[in-house]
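Subject: Structure handover

Hello,

Here is the structure I promised to pass on. Please open it first, then read my notes below.

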Amino acid sequence: MKREPKHSFNGLLLTYLLTILIMSGVLTGTSYMVMFFLGFLPGILLSHVGSPFGIIGMLIVFALVLSVQVGRSKFKPINDLIHAMSQVSQGDFSVRVDDEDAQGDMGDLVHSFNDMAKELGSIEMFRKDFINNFSHEFKTPIVSIRGFAKQLERDDLTPEQRREYTSIIVSESERLANMSSNILLLTKLENQQIVTDKVEYRLDEQLRSCILLLEKQWSAKEIELSLNLEETRFVGNEEMMSHVWVNLIGNAIKFSPQGALLEISCERQEGKVVAVIRDHGEGMTEATQRRIFEKFYQGDSAHATAGNGLGLSLVKRIVDLCGGQVRVESRVGEGSAFTVILPDMPATRA
């Protein structure tokens, strides 16, 4: 139910202004009368509307008219702003306040309100898209698991079919588990403002460890590795950064063809730590590059079942928390290069 303000701010200001102007009129008229009786004003001013009571009446009418005009022109943005804030509190983020009559500090306030309402509207739209995508991504593997589980109830399945269906169920279950873990981690990171548990460690050794962790994947594709990892000491959260490298290297492997080249480098450049993961696979369109870090976005529908569109969102959030940047350069058919630029933090000392 929409709730209206109990008292109009515009009306309250008008009341104060009217009171002040009426008091000014009364004081002016009283002064006129005193000055006349003391002989300071000529008698001709008492004729017609020039009498003291006529002067007081005219000043009251003038005060009323002036207060209404001033209230409409000067205090309209304030009243509009209060009404708009009431609409926003009810969930209507499309409301905007006309800023033509607002100047100075009031103009700044109106502009800030309109920017806030616009940003809230964008957040609400993003929230709805997130819920829709989240529901879809969870529903797909659940439906798949249910379907193949029902198939396993059949008695006429061959051993090969039974193994295939079981493998699909296991794969989809792992996908759900990974998705849940990634969502929980991303939610935690989005509510985190600073990086804790920082230690000094070898970033180049961490990259080597992540490459070994993914050996099964790149060995299966017979991918050739080209490593240029300079000794690089870095201060940060080691566990968080491992998510960055596993996701970026894992994606590079996933989108590389059989026997392709995968290049990974790490070095210091102009006081910053720069790591590059470059594949020579399918590449991406410009439209995909613009949205690649959005949650649940998967530019390649052919590989949609191989991931959940959360890995690069995690990468960007972690790098942002570290005060760094992550960039992508890609061309269709030529591959993609992800560059992570991190601030070269000073080493901790005892």
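In helix 10, the buried residues are Gly311, Leu312, Ser313, Leu314, Val315, Ile318, Val319 and Leu321. Buried means under 20% relative accessible area, exposed means over 50%, and partly exposed lies in between (1.4 Å probe, protein chains only). Helix 10 spans residues 311–321 and is mostly covered, with 8 of its 11 residues buried. Just after helix 10, glycine 323 has a positive phi of about 80°. Helices (H or I, at least four residues) and strands (E, at least two) are DSSP runs, numbered from the N terminus.

Some background. This is a predicted model: local features need pLDDT of at least 70, side-chain atom pairs count only at pLDDT 80 or more, and totals for chains, interfaces and linings use all residues. Residues are numbered from 1 along each chain as its sequence is written, and side-chain values use heavy atoms, with hydrogens and water left out.

Two strands pair if DSSP finds at least two bridges between them. Strand 2 pairs with strand 4 (residues 261–269) in the parallel sense, over 6 bridges. Leucine 229 has cysteine 266 in strand 4 as its bridge partner.

Last, the charges. The whole structure has 9 salt bridges, each a side-chain nitrogen of Lys or Arg within 4 Å of a carboxyl oxygen of Asp or Glu. One joins glutamate 200 to arginine 233, with the closest N and O atoms 2.8 Å apart. This pair links distant parts of the chain: glutamate 200 is in strand 1 (residues 199–202) and arginine 233 is in strand 3 (residues 233–236), 33 residues apart.

Arginine 208 and aspartate 204 also meet in a salt bridge (3.0 Å, N to O). Aspartate 204 is buried at 1% relative accessible area, while arginine 208 is partly exposed at 30%.

Best wishes
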